[in-house]
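My entries follow in the order in which I checked things.

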Amino acid sequence: MKKIEELVCPHILNMTPYASARSEFKGNANVFLDANENTIRTNYNRYPDPLQNDLKKAIEPLVELDATQIFLGNGSDEAIDLLLRIFCNSGKDAIITLPPTYGMYEVSACLNNIQVIEVPLELDYQPNVEGILAAQSERTKILFLCSPNNPTGNDFDVGKLQQLIEKFEGIVVVDEAYIHFSTQASCTRWIQKYPNLVVLQTFSKAWGMAGIRLGMALASPEIIALFNKVKPPYNVNVLTQKYALSQLQDWSTLKEDIVTILSERALLAKALSKLVFIEEIYPSASNFLLIKVTQADTIYQYLIEQGIIIRNRSKVILCDNCLRITIGTKVENEKLLAVLSSYSTLKIK
Ligand SMILES: *Cc1c(COP(=O)(O)O)cnc(C)c1O
């Protein structure tokens, strides 16, 4: 395993970060004339806390980590982009992804002029550990693992995850956007042990706050310090910090939501399995179902005509004729099922 400082881009290692007005002083003060704000106004006239200290304090017990191991971003998409900028030299380095997977790794890599080396999942949607290790080189700085994976919905095997974290020579990112729906333990338990591990989580899925844009990267203090060095100074706005803080107190309600979603998922899977055009319903550890059907494009279009939007993944590698369906409310799921039944009777006639 290489040292983190050997993996960081030299220009990032050597740069002087922006020093925001509020981060330069330490101590107590009550007159702030340092940031050219409109001092006559109240409420939202002030810049946010650049390091979101109060919010991180509230997150600490939830992730069982210290604030120094937490980076908060404008969605976890921001963390993905910053990781690429910290570790991959534009026009030279590469990342490894395991398609079919979340599209932002590739988009962000493209935007930063970083090559994407794809090592497709096996037919059972598990990582091809040997293939991944064989694909690594001096240039492959980051390996992106998504578990539970989007769009396949399954957990990656724990042994394979650990093997990859141990044997990959660069940074290993485990994107856990759907971890709250899974019975598998979070990889955050390995952060202490593996300094090259970065776990991404988000408030957009189980937490029900996609609208406020808040995600996190969880890693060693050394990696978090790099995030803090390169991030836009005020990347998480005051409204987001406030709202998140108020919602975090509500962990028990969130757990009830998850139970409801999981039971709806089971009901939906059972009802779908009775429809004639369904070829396969893949096991899910997430809040969506991936299904294989006879004619994905036709069914997708039919649903749109009936006002129901799902995700057509049929053009994606290993997902021939596959559709991805987010678990809705009971009413929404029933509507979906009614429309799909009407489709099957139409087709049978
Ligand atoms: C939805 C999702 C995210 C979330 O991104 P945010 O920017 O935090 O909303 C990240 N990774 C995966 C795999 C996702 O499906």
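With which side chain does the side chain of glutamate 78 make a polar contact? I looked this up first, keeping in mind that the model is predicted, and found the partner to be the side chain of asparagine 235, at 3.0 Å.

I then placed glutamate 78 in helix H4, which covers residues 76-87, and noted that a polar atom of the glutamate 78 side chain also lies 2.6 Å from the backbone nitrogen of asparagine 74.

Next I searched for a charged partner: glutamate 78 is buried but has no salt bridge, and the nearest side chain of opposite charge, that of lysine 231, is 7.3 Å away, whereas a salt bridge would need the charged atoms within 4 Å.

Turning to the open spaces, I recorded about 490 Å³ for the largest pocket, whose lining has 16 residues, with Pro48, Asp49, Pro50, Asn53 and Gln241 nearest the centre. Helices H3 (53-63) and H9 (238-248) each give at least two residues to this lining, and H9 has the largest share, with four.

The largest cavity holds about 40 Å³, and I noted its lining as Lys2, Leu7, Ser137, Glu138, Thr140, Lys141, Glu169 and Gly170.

How values were computed:
Residues are numbered from 1 along each chain as its sequence is written. This is a predicted model: local features need pLDDT of at least 70, side-chain atom pairs count only at pLDDT 80 or more; totals for chains, interfaces and linings use all residues. Side-chain values use heavy atoms; hydrogens and water are left out. Buried means under 20% relative accessible area, exposed over 50%, partly exposed in between (1.4 Å probe, protein chains only). Lys and Arg count as positive and Asp and Glu as negative; His and the chain ends are not counted. A polar contact is a pair of N or O atoms within 3.5 Å; within protein, one must be able to donate a hydrogen and the other to accept it, and residues adjacent in sequence count only if both atoms are side-chain atoms. On a 1 Å grid over the protein atoms alone, a cavity is a set of points where a 1.4 Å probe fits but cannot get out, and a pocket is an open set with protein on both sides within 12 Å along at least five of seven lines; lining residues have an atom within 4 Å of a point. Grid points are joined across faces, edges and corners, and a volume is the space filled by probe spheres set on the points.
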